[in-house]
Structures are given as structure tokens and as C-alpha cells.
Amino acid sequence: MDLTYSEADEQFRAEFRGWLDANLPAEWRERGFWARQDRDEGFQMRREWEAEKARAGFAGIQWPTEFGGRGGTPAQRAIYDEEMVRYRAPLTVNGLGLTFLAPTIMVIGSDEQKRDIIKPLLHNEVIWCQGFSEPNAGSDLAALQCRAESDGDEYVINGQKIWTSQAMHADKMFGLFRTSTEDKKHRGITMLIVDLRSPGVEIRPLKQMTGALDFGEVFFTDVRVPKTDVIGVEGGGWDVAMLLLSFERGASAMPQYTAFRRELDDVVGLARDLGKDKNSLLRQRIASSVVELECLKYHSLHILTQVEQGKELGAASSMTKLQWSETHQDIGELFADVAGIAHQITGDGVDDLQRSFLWSRSETIWGGSSQVQRNIVAERVLGLPR
Ligand SMILES: Cc1cc2nc3c(=O)[nH]c(=O)nc-3n(C[C@H](O)[C@H](O)[C@H](O)COP(=O)(O)OP(=O)(O)OC[C@H]3O[C@@H](n4cnc5c(N)ncnc54)[C@H](O)[C@@H]3O)c2cc1C
């Protein structure tokens, strides 16, 4: 494991910090700033700021320059993520497109798709959402039922998607649709691009316990999609989905480490303010979270080294997801115990920690639930029987 960054990496860090110092408004970094903004206006502010950052060359850090990226190294990508968290810079509004869609299109997209999707996505001209889950198809994704029937040069979509992040602000969706029921479950699926402004698309928000409307349900009634908007080939959607999901696996959890470490410091500060820093049980739990966090840090550096050396991470990446999501939930529960009953109400200065605690509940569900990750580790890492 390599614990150091090269001179070129540190130079990149200095350059990016310089840009953030000059271009990130000070008030945006204050606690609770984003919660005070109108939801739609706040989204627009972040969308434009991120596009400005892309124009300055601080986006697509690891992407090849031919696709408008910076052509940087995995270490530079990790530095970028770390500095974004350190500066409390607003997180991307186009995460699903950046993490999943663009790398997939780089590998299997048609020339037109490469031209029309990648750069506009990097510059937030088009915001993307991911339409995989349905009411009866989550962990068992291949059970999906939303149908796309062939009709000449088009498909006609009928059915429903659910838990679609960014549905309220997205322009387009990349989604999985059933184009055949005759093939085996996995084979009758096709990945399509759907313009969410098309007639027959209805988007309904789903309110979370934080009060946010980060995701929604998407209903399709006779929605027409041209056949040129297939990603990959008809019936090959399952393989495309597996390729797409593999791009999340290469990521280290350094940004999570940096964010959670700061959160833990805030919880310790709160314990001091409330005079609970002498409570021996709480002190033990704080120490335990510090240990968990340091394990996360060294695991992340190990993963980063493997990626730098071009090694395939495979199923071991499930360990990363398990480790960061469960560490974060432990910090959230620690916060709830330190804040006591106050953690249930808003407006007393703990709003950011409260939101993060509530959000952490979802982190062991999306991107593959903890139970599913444990099955993967048991079967594919440890070789235990199914
Ligand atoms: C905040 C958030 C954002 C999301 N964003 C998106 C999005 O943008 N696009 C999208 O398509 N989806 C999205 N999802 C949906 C997410 O992918 C699913 O919630 C997830 O796949 C789990 O599916 P499910 O909710 O149907 O639960 P189920 O699959 O029904 O699981 C219910 C419980 O059973 C357990 N379980 C299921 N199968 C097994 C098994 N084989 N062995 C052991 N235990 C099992 C699970 O771990 C879980 O505890 C999002 C979800 C959340 C919470």
C-alpha cells in the first residue's frame, strides 16, 4: 500500500485549492446554508457552479481528454473528492450520469451517443437519472416488469419506476425495460434512454423523512422512444447494467472518510457543549467510531493503490460499501445519543448532523443493501456455499 501522493498529485491539489478559494462563495460553506435555500433555486445554483468548475477543467478528473476530461490519475481523482469535502463544496447534481452513464457510453456507446451524451453531461446541460428499481424489483432487479414494446423504429413504454433519485430535476433517464418475456429473465431486458419531457411521462415526488424530495416515482403511459436510444443492443440490458454498476466499484471511500471524520469532530464538539464529554459510555463509543474511521481510511488507501496498479477489485469492493455505510450509521447513532431528544427536532443548530444521520439510514439500502453485500463477500470473497 502506498500512503504518499506524488509531486504532480500535490501540485494538482494546490491548483484545485486555488480555484476553490477563488470561486466557492464563503457563505456556501456555512453549516445549514443549503437547507435554507429554496429547493429548486438551490439546485440551479449548484448546477451552474458545477458547470463553471467543469469549464475551469476541474471535472471528469480521470476521464480521457478526448471526452472533455482532465486525463488525471486515480490519486488525483481521490484528491479532488477529498478537497471537495474539505471545502464543504456542493456535491454534484449529476452523480448518476457522471458515475455510471458516461463511463459506460465511453466503452459501448455509439459515436453519436459519445458525442451527444458525454460532454453535455459533464457541463450539466443534461441532468440524468437512473431508472432501474420498480415496486417489485429492487435487490432482485431482473424481476423488472416495465415494458418497452417494439413498434417500427420506436419502442412504446408502459409501466412504472420507483426510488428514482433526481427524478424531480432530471432531463433524461437511462433505464432498464423489458423488451421480451420469452427469453430468460435476464435476457429480455434492454437499456434505453428516455427523454423525461416526452408525452406520457409523469413524475411524482417521494418525500423523505428529512423533508427533502430527492427522489420520486416515474410513470410511463405509451411513451415513445426511438430505437437509436438503445444503449448496447436489444436484449443485452443486463450485461450493460453490470458494466455500468462496475464503475462504482473502482471508487475508494476517501471522500466518505473525510466527510465522516469531520462529522465525528462535530459530534465530539456537541458532546463538549452539552457537558457530555465526561460520560464514559459515550467516550467509549466515540473511541470506537475513531477506530472504525481509521480502518476505513487504510482500507480506502489500499483500494486506491490497487486501482493505481490497474488491479481488478471485483467482489472485494462490496467490503468498501459495507464498511463506509455502516461506519456512517454508527456515527449517526452516536450523534442521536449525544444530542438526546434534541436530535428529533430541527432548528437548534444540529440540523446538518440530523440530516446526515437520517440520510445514513438509506446508505445500507441503495447501491446494494448490506445483506446483499454480505452475501457477495461470503460467496465470492470467502468462497462459502450459497
Ligand atoms: C436513497 C435511495 C436512492 C435510490 N435511488 C435509486 C435510483 O436512482 N434508481 C433506482 O433504480 N433505484 C434507486 N434506489 C432503489 C434501491 O436500489 C433499492 O431500494 C434497493 O435495490 C433495494 O431494493 P428494495 O427497496 O426493493 O428492497 P428489497 O430488495 O425488497 O429488500 C428488502 C430487504 O430484503 C433484503 N434482501 C433482499 N434480497 C436478499 C437476499 N437475496 N438475501 C438477503 N437479504 C435480501 C434486503 O437487504 C432488504 O433488507 C434508491 C434507494 C434509496 C433508499
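Two conventions to start. Residue numbers run from 1 along each chain as its sequence is written. Because the model is predicted, local features need pLDDT of at least 70 and side-chain atom pairs count only at pLDDT 80 or more, while totals for chains, interfaces and linings use all residues.

Domains, then. There is domain 1 (7-93), domain 2 (128-235) and domain 3 (250-381). These bounds come from an automatic or database domain assignment. Between domain 2 and domain 3, the C-alpha centres are 32 Å apart.

Helices (H or I, at least four residues) and strands (E, at least two) are DSSP runs, numbered from the N terminus.

On to helix packing. H5 (residues 95-108) meets H6 (residues 111-122) at about 155 degrees, axes 10 Å apart. Axes are lines fitted to C-alpha atoms, for helices over the stretch in contact, and angles run from 0 to 180 degrees between N-to-C directions. That makes the H5 and H6 pair roughly antiparallel; the labels are under 35 degrees roughly parallel, over 145 roughly antiparallel, 65 to 115 roughly perpendicular, the rest oblique. The H5 and H6 crossing is left-handed, meaning the near helix is turned anticlockwise from the far one by less than a right angle; clockwise would be right-handed. From H5, the contact residues include Leu98, Leu101 and Ile105; from H6, they include Ile117 and Leu121. Contact means C-beta atoms, placed from the backbone, within 7 Å. The tally is eight nonpolar, two polar and one charged.

Next, H9 (residues 280-308) and H10 (residues 317-339). Their angle is about 160 degrees, with axes 10 Å apart. They are therefore roughly antiparallel. This crossing is left-handed too. Among the contact residues are Arg285, Glu292 and His299 of H9, and Trp324, Asp330 and Asp337 of H10. By class: nine nonpolar, five polar, four charged.

H9 also packs with H4 (residues 74-86), at about 145 degrees and 9 Å between axes. Pro74, Ala75 and Ala78 of H4 meet Leu304, Val307 and Glu308 of H9. That contact has five nonpolar, no polar and one charged.

Methods:
Two residues are in contact if their C-beta atoms, placed from the backbone, lie within 7 Å. Ala, Val, Leu, Ile, Met, Phe, Trp, Tyr, Cys and Pro count as nonpolar, Asp, Glu, Lys and Arg as charged, and the others, Gly among them, as polar.
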